[in-house]
Amino acid sequence: GAKVAGVVPSTCSVAVAGPINPVDGRVLRASGVPTWAGTDIRATFGPVLKSPIFADNESNCAAIAEMMWGAAIGVEDFVFFKIDLGVGGAIVNRGHVVRGIAGSAGEFGHMMIDPAGPLCRCGNRGCLELYASARTALADTERRLGRPFDMDGLVALARGGDEVSRRQIAEMGEAAGKGLAIIGTAINPALVVLGGRMPLAGDMLLGPLSESFERHTLVKRAEIAPEARTRFVPGVFTDNDACLGAVGLVLRHHGRPG
(Lines give C-alpha, C1' and ligand atoms only; values in the text may rest on other atoms or scores of the structure.)
Protein backbone atom coordinates (compact mmCIF):
# COMPACT_ATOMS: atom_id res chain seq x y z
CA GLY A 1 0.00 0.00 0.00
CA ALA A 2 2.97 2.34 0.40
CA LYS A 3 6.33 2.88 -1.27
CA VAL A 4 9.13 4.50 0.72
CA ALA A 5 12.10 6.31 -0.79
CA GLY A 6 15.12 7.85 0.92
CA VAL A 7 17.15 10.19 -1.25
CA VAL A 8 18.38 13.20 0.70
CA PRO A 9 20.25 12.46 3.95
CA SER A 10 17.84 12.32 6.89
CA THR A 11 14.77 12.72 4.66
CA CYS A 12 12.31 10.08 3.38
CA SER A 13 9.20 10.12 1.22
CA VAL A 14 6.16 7.83 1.10
CA ALA A 15 3.85 7.22 -1.86
CA VAL A 16 0.44 5.88 -0.80
CA ALA A 17 -2.44 4.41 -2.82
CA GLY A 18 -4.98 6.92 -1.56
CA PRO A 19 -5.58 10.65 -1.03
CA ILE A 20 -3.25 12.33 1.47
CA ASN A 21 -4.37 15.33 3.49
CA PRO A 22 -1.95 18.03 2.31
CA VAL A 23 -2.02 19.75 5.70
CA ASP A 24 -1.28 16.98 8.20
CA GLY A 25 -0.15 14.04 6.05
CA ARG A 26 -2.99 11.70 7.03
CA VAL A 27 -4.35 9.11 4.64
CA LEU A 28 -7.93 10.00 3.85
CA ARG A 29 -10.60 7.71 2.45
CA ALA A 30 -8.47 5.03 0.77
CA SER A 31 -10.53 2.43 -1.09
CA GLY A 32 -7.44 0.62 -2.33
CA VAL A 33 -5.94 0.25 1.15
CA PRO A 34 -8.96 0.75 3.44
CA THR A 35 -7.10 -0.19 6.63
CA TRP A 36 -4.81 2.81 6.08
CA ALA A 37 -7.62 5.36 6.25
CA GLY A 38 -6.83 7.89 8.98
CA THR A 39 -3.20 6.80 9.31
CA ASP A 40 -0.79 9.59 10.15
CA ILE A 41 2.05 8.83 7.72
CA ARG A 42 4.52 11.14 9.45
CA ALA A 43 3.85 9.74 12.91
CA THR A 44 3.91 6.15 11.63
CA PHE A 45 7.11 6.23 9.59
CA GLY A 46 9.03 9.05 11.30
CA PRO A 47 10.05 7.19 14.47
CA VAL A 48 10.96 4.04 12.51
CA LEU A 49 13.00 5.77 9.82
CA LYS A 50 14.24 8.47 12.23
CA SER A 51 13.85 11.22 9.65
CA PRO A 52 11.38 13.84 8.43
CA ILE A 53 8.71 12.34 6.19
CA PHE A 54 7.08 13.67 3.02
CA ALA A 55 3.98 11.86 1.77
CA ASP A 56 1.73 12.01 -1.26
CA ASN A 57 -0.66 9.95 -3.36
CA GLU A 58 1.11 7.42 -5.62
CA SER A 59 -0.30 8.89 -8.84
CA ASN A 60 0.82 12.37 -7.83
CA CYS A 61 4.28 10.90 -7.25
CA ALA A 62 4.17 9.14 -10.62
CA ALA A 63 3.32 12.45 -12.31
CA ILE A 64 6.35 14.03 -10.63
CA ALA A 65 8.55 11.19 -11.95
CA GLU A 66 7.27 11.70 -15.51
CA MET A 67 7.77 15.46 -15.20
CA MET A 68 11.33 15.19 -13.88
CA TRP A 69 12.72 12.26 -15.86
CA GLY A 70 10.05 10.82 -18.16
CA ALA A 71 7.45 11.62 -20.80
CA ALA A 72 6.63 15.13 -19.54
CA ILE A 73 10.12 16.66 -19.25
CA GLY A 74 9.82 20.39 -19.93
CA VAL A 75 6.00 20.31 -19.78
CA GLU A 76 4.40 22.41 -17.05
CA ASP A 77 0.74 21.58 -17.71
CA PHE A 78 -0.48 18.02 -18.28
CA VAL A 79 -2.71 15.24 -17.00
CA PHE A 80 -1.35 11.91 -15.78
CA PHE A 81 -3.83 9.06 -16.26
CA LYS A 82 -2.92 5.67 -14.80
CA ILE A 83 -4.52 2.42 -16.03
CA ASP A 84 -3.49 -0.52 -13.86
CA LEU A 85 -5.30 -2.70 -11.32
CA GLY A 86 -7.06 0.53 -10.53
CA VAL A 87 -7.42 3.86 -12.32
CA GLY A 88 -5.70 6.90 -10.85
CA GLY A 89 -4.35 10.18 -12.01
CA ALA A 90 -2.90 13.58 -11.33
CA ILE A 91 -3.25 17.12 -12.64
CA VAL A 92 -0.10 19.20 -13.11
CA ASN A 93 -0.49 22.96 -13.48
CA ARG A 94 2.46 25.31 -13.95
CA GLY A 95 4.82 22.57 -12.85
CA HIS A 96 2.97 21.77 -9.62
CA VAL A 97 0.69 18.86 -8.80
CA VAL A 98 -2.85 20.05 -8.02
CA ARG A 99 -3.85 18.31 -4.79
CA GLY A 100 -7.11 20.04 -3.89
CA ILE A 101 -8.33 21.04 -0.46
CA ALA A 102 -8.54 17.43 0.78
CA GLY A 103 -5.83 15.91 -1.40
CA SER A 104 -8.23 14.08 -3.71
CA ALA A 105 -7.75 16.03 -6.95
CA GLY A 106 -7.03 13.71 -9.86
CA GLU A 107 -8.87 10.67 -8.47
CA PHE A 108 -10.20 10.02 -11.96
CA GLY A 109 -11.00 6.38 -11.29
CA HIS A 110 -13.84 7.41 -9.01
CA MET A 111 -15.66 9.67 -11.44
CA MET A 112 -19.16 8.21 -11.73
CA ILE A 113 -19.97 7.36 -15.35
CA ASP A 114 -22.99 5.10 -14.69
CA PRO A 115 -25.16 5.93 -11.64
CA ALA A 116 -26.97 2.58 -12.06
CA GLY A 117 -23.73 0.62 -12.44
CA PRO A 118 -22.19 -1.93 -10.08
CA LEU A 119 -20.85 -1.02 -6.67
CA CYS A 120 -17.29 0.26 -6.58
CA ARG A 121 -14.90 -0.48 -3.73
CA CYS A 122 -15.17 3.23 -2.82
CA GLY A 123 -18.86 2.74 -1.98
CA ASN A 124 -20.31 4.57 -5.00
CA ARG A 125 -21.77 3.03 -8.14
CA GLY A 126 -20.55 3.00 -11.71
CA CYS A 127 -17.11 4.51 -11.16
CA LEU A 128 -14.76 4.70 -14.15
CA GLU A 129 -12.34 2.31 -12.44
CA LEU A 130 -14.86 -0.52 -12.72
CA TYR A 131 -14.73 -0.33 -16.51
CA ALA A 132 -11.25 1.00 -17.38
CA SER A 133 -8.99 -0.92 -14.99
CA ALA A 134 -7.63 -4.45 -15.39
CA ARG A 135 -9.17 -5.75 -12.18
CA THR A 136 -12.45 -7.03 -13.65
CA ALA A 137 -10.81 -8.49 -16.77
CA LEU A 138 -8.27 -10.38 -14.68
CA ALA A 139 -10.96 -11.83 -12.42
CA ASP A 140 -13.01 -12.89 -15.46
CA THR A 141 -9.98 -14.47 -17.14
CA GLU A 142 -9.02 -16.39 -14.02
CA ARG A 143 -12.55 -17.78 -13.75
CA ARG A 144 -12.66 -18.60 -17.45
CA LEU A 145 -9.29 -20.37 -17.64
CA GLY A 146 -8.99 -21.64 -14.08
CA ARG A 147 -5.57 -20.22 -13.20
CA PRO A 148 -4.09 -16.97 -11.87
CA PHE A 149 -3.32 -14.15 -14.28
CA ASP A 150 -1.50 -10.85 -13.98
CA MET A 151 -1.59 -7.97 -16.45
CA ASP A 152 1.42 -9.23 -18.39
CA GLY A 153 -0.32 -12.58 -18.74
CA LEU A 154 -3.55 -10.95 -19.91
CA VAL A 155 -1.71 -8.96 -22.57
CA ALA A 156 0.24 -12.03 -23.69
CA LEU A 157 -3.00 -14.00 -23.96
CA ALA A 158 -4.53 -11.28 -26.14
CA ARG A 159 -1.44 -11.04 -28.34
CA GLY A 160 -1.59 -14.81 -28.74
CA GLY A 161 -4.98 -14.53 -30.39
CA ASP A 162 -7.45 -14.93 -27.49
CA GLU A 163 -10.42 -12.92 -28.73
CA VAL A 164 -12.07 -12.58 -25.32
CA SER A 165 -8.96 -10.97 -23.84
CA ARG A 166 -8.57 -8.68 -26.84
CA ARG A 167 -12.18 -7.55 -26.45
CA GLN A 168 -11.69 -6.95 -22.72
CA ILE A 169 -8.61 -4.80 -23.35
CA ALA A 170 -10.45 -2.88 -26.07
CA GLU A 171 -13.34 -2.26 -23.67
CA MET A 172 -10.89 -0.90 -21.07
CA GLY A 173 -9.59 1.50 -23.70
CA GLU A 174 -13.08 2.56 -24.72
CA ALA A 175 -14.02 3.28 -21.10
CA ALA A 176 -10.75 5.13 -20.45
CA GLY A 177 -11.31 7.27 -23.55
CA LYS A 178 -14.79 8.18 -22.35
CA GLY A 179 -13.40 9.18 -18.96
CA LEU A 180 -10.61 11.19 -20.58
CA ALA A 181 -13.18 13.02 -22.68
CA ILE A 182 -14.90 14.11 -19.46
CA ILE A 183 -11.53 15.22 -18.07
CA GLY A 184 -10.84 16.99 -21.35
CA THR A 185 -14.07 18.94 -21.12
CA ALA A 186 -13.11 20.15 -17.64
CA ILE A 187 -9.39 20.75 -18.17
CA ASN A 188 -8.63 20.53 -21.91
CA PRO A 189 -4.99 19.48 -21.38
CA ALA A 190 -2.36 19.76 -24.08
CA LEU A 191 -0.78 16.49 -22.96
CA VAL A 192 -2.03 13.30 -21.32
CA VAL A 193 0.63 10.89 -20.03
CA LEU A 194 -0.77 7.36 -19.85
CA GLY A 195 0.79 5.52 -16.92
CA GLY A 196 0.41 2.12 -15.32
CA ARG A 197 1.02 -1.30 -16.81
CA MET A 198 -1.98 -1.64 -19.12
CA PRO A 199 -0.72 0.89 -21.72
CA LEU A 200 2.00 -1.71 -22.41
CA ALA A 201 -0.75 -3.49 -24.36
CA GLY A 202 -0.06 -0.93 -27.07
CA ASP A 203 -2.58 -0.34 -29.81
CA MET A 204 -4.94 -3.02 -28.44
CA LEU A 205 -5.71 -0.52 -25.66
CA LEU A 206 -4.57 2.82 -27.10
CA GLY A 207 -6.44 2.50 -30.40
CA PRO A 208 -9.89 2.11 -28.78
CA LEU A 209 -8.92 4.75 -26.19
CA SER A 210 -8.13 7.35 -28.85
CA GLU A 211 -11.26 6.51 -30.86
CA SER A 212 -13.45 6.74 -27.76
CA PHE A 213 -11.89 10.03 -26.72
CA GLU A 214 -12.54 11.48 -30.16
CA ARG A 215 -16.12 10.23 -30.14
CA HIS A 216 -16.96 11.72 -26.75
CA THR A 217 -14.81 14.85 -26.59
CA LEU A 218 -16.45 18.24 -27.09
CA VAL A 219 -14.12 19.62 -29.76
CA LYS A 220 -13.31 17.18 -32.56
CA ARG A 221 -9.96 16.80 -34.33
CA ALA A 222 -11.37 18.10 -37.61
CA GLU A 223 -12.36 21.36 -35.92
CA ILE A 224 -8.94 22.38 -34.59
CA ALA A 225 -5.36 22.72 -35.78
CA PRO A 226 -2.90 19.94 -34.86
CA GLU A 227 -1.15 22.12 -32.28
CA ALA A 228 -4.46 22.60 -30.42
CA ARG A 229 -5.19 18.88 -30.05
CA THR A 230 -4.65 16.89 -26.87
CA ARG A 231 -1.67 14.56 -27.26
CA PHE A 232 -1.55 11.10 -25.66
CA VAL A 233 1.83 9.57 -24.85
CA PRO A 234 2.69 6.46 -22.81
CA GLY A 235 4.59 7.01 -19.60
CA VAL A 236 8.27 6.10 -19.45
CA PHE A 237 7.90 4.29 -16.12
CA THR A 238 5.54 1.45 -15.23
CA ASP A 239 6.26 -0.63 -12.12
CA ASN A 240 8.44 1.97 -10.38
CA ASP A 241 6.77 5.29 -11.23
CA ALA A 242 5.46 5.94 -7.70
CA CYS A 243 8.79 5.08 -6.06
CA LEU A 244 10.73 7.32 -8.45
CA GLY A 245 8.18 10.05 -7.87
CA ALA A 246 8.67 9.74 -4.12
CA VAL A 247 12.35 10.42 -4.76
CA GLY A 248 11.34 13.39 -6.88
CA LEU A 249 9.03 14.64 -4.14
CA VAL A 250 11.96 14.90 -1.72
CA LEU A 251 14.24 16.52 -4.31
CA ARG A 252 11.62 19.14 -5.12
CA HIS A 253 11.08 19.92 -1.44
CA HIS A 254 14.81 20.44 -1.08
CA GLY A 255 14.99 22.62 -4.18
CA ARG A 256 17.00 20.11 -6.20
CA PRO A 257 16.02 19.44 -9.84
CA GLY A 258 16.95 15.75 -9.85
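Residues are numbered from 1 along each chain as its sequence is written. In this predicted model local features need pLDDT of at least 70 and side-chain atom pairs count only at pLDDT 80 or more, while totals for chains, interfaces and linings use all residues, and side-chain values rest on heavy atoms, with hydrogens and water left out.

**The sheet**

Start by selecting strands β4 to β8. Helices (H or I, at least four residues) and strands (E, at least two) are DSSP runs numbered from the N terminus. The five strands form an open sheet with mixed pairing, in the order β6-β5-β4-β7-β8; two strands pair if DSSP finds at least two bridges between them. At the edges stand β6 and β8, each with a single partner strand, so one side of each is left without a neighbour in the sheet. On average, neighbouring strands are turned by 30 degrees against each other, direction ignored.

Keep β7 and β8 in view. These two strands pair in the parallel sense over four bridges. Valine 192 stands opposite phenylalanine 232 in β8.

Helix α6 lies across β4, β5, β7 and β8, where contact means heavy atoms within 4.5 Å. The helix runs at about 160 degrees to β4; axes are lines fitted to C-alpha atoms, for helices over the stretch in contact, and angles run from 0 to 180 degrees between N-to-C directions.

**Aromatic pairs**

How many aromatic pairs does a search of the whole structure find? There are two. Rings of Phe, Tyr and Trp (its six-membered ring) pair if their centres lie within 6.5 Å; planes under 30 degrees apart count as stacked, over 60 as edge-to-face and the rest as tilted.

Select phenylalanine 81 and phenylalanine 108. Their ring centres are 6.1 Å apart and their planes at 20 degrees, so the pair is stacked. Phenylalanine 81 belongs to strand β4 (residues 78-83), and phenylalanine 108 to the loop between β6 (96-98) and α3 (129-132), 27 residues apart. Both residues are buried; buried means under 20% relative accessible area, exposed over 50%, and partly exposed in between (1.4 Å probe, protein chains only).

Move to phenylalanine 213 and phenylalanine 232. Here the ring centres are 4.9 Å apart and the planes at 80 degrees, so the pair is edge-to-face. Phenylalanine 213 lies in helix α7 (residues 203-216) and phenylalanine 232 in strand β8 (residues 231-234), so the pair ties together parts that are 19 residues apart in sequence. Phenylalanine 213 is buried at a relative accessible area of 10%, whereas phenylalanine 232 is partly exposed at 23%.

**Salt bridges**

Side chains of opposite charge can pair when their charged atoms come close. A salt bridge here is a side-chain nitrogen of Lys or Arg within 4 Å of a carboxyl oxygen of Asp or Glu.

Select arginine 26 and aspartate 40. Their closest N and O atoms are 3.8 Å apart. Both residues sit in the loop between β2 (11-16) and α1 (41-49), 14 residues apart. Arginine 26 is partly exposed, at 34% relative accessibility.

Now select aspartate 84 and arginine 197, whose side chains meet in a salt bridge at 2.6 Å, N to O. Aspartate 84 is in the loop between β4 and β5 (87-93) and arginine 197 in the loop between β7 (191-195) and α7, so the pair ties together parts that are 113 residues apart in sequence. Aspartate 84 is buried, with a relative accessible area of 9%; arginine 197 is partly exposed, with 29%.

Turn to helix α4, residues 135-145, and select arginine 143 and aspartate 140. Their salt bridge has an N to O distance of 2.3 Å. The two residues are three apart in the helix, which means a separation of about one helical turn. Arginine 143 is exposed at 62% relative accessibility, and aspartate 140 is partly exposed at 28%.

**Positive phi**

Finish with two loop residues. Arginine 94, in the loop between β5 and β6, has a positive phi of about 55 degrees although it is not a glycine. Its relative accessibility is 64%, so arginine 94 counts as exposed. Asparagine 188, in the loop between α6 and β7, has a positive phi near 50 degrees and is likewise a residue other than glycine. Asparagine 188 counts as exposed, at 55% relative accessibility.
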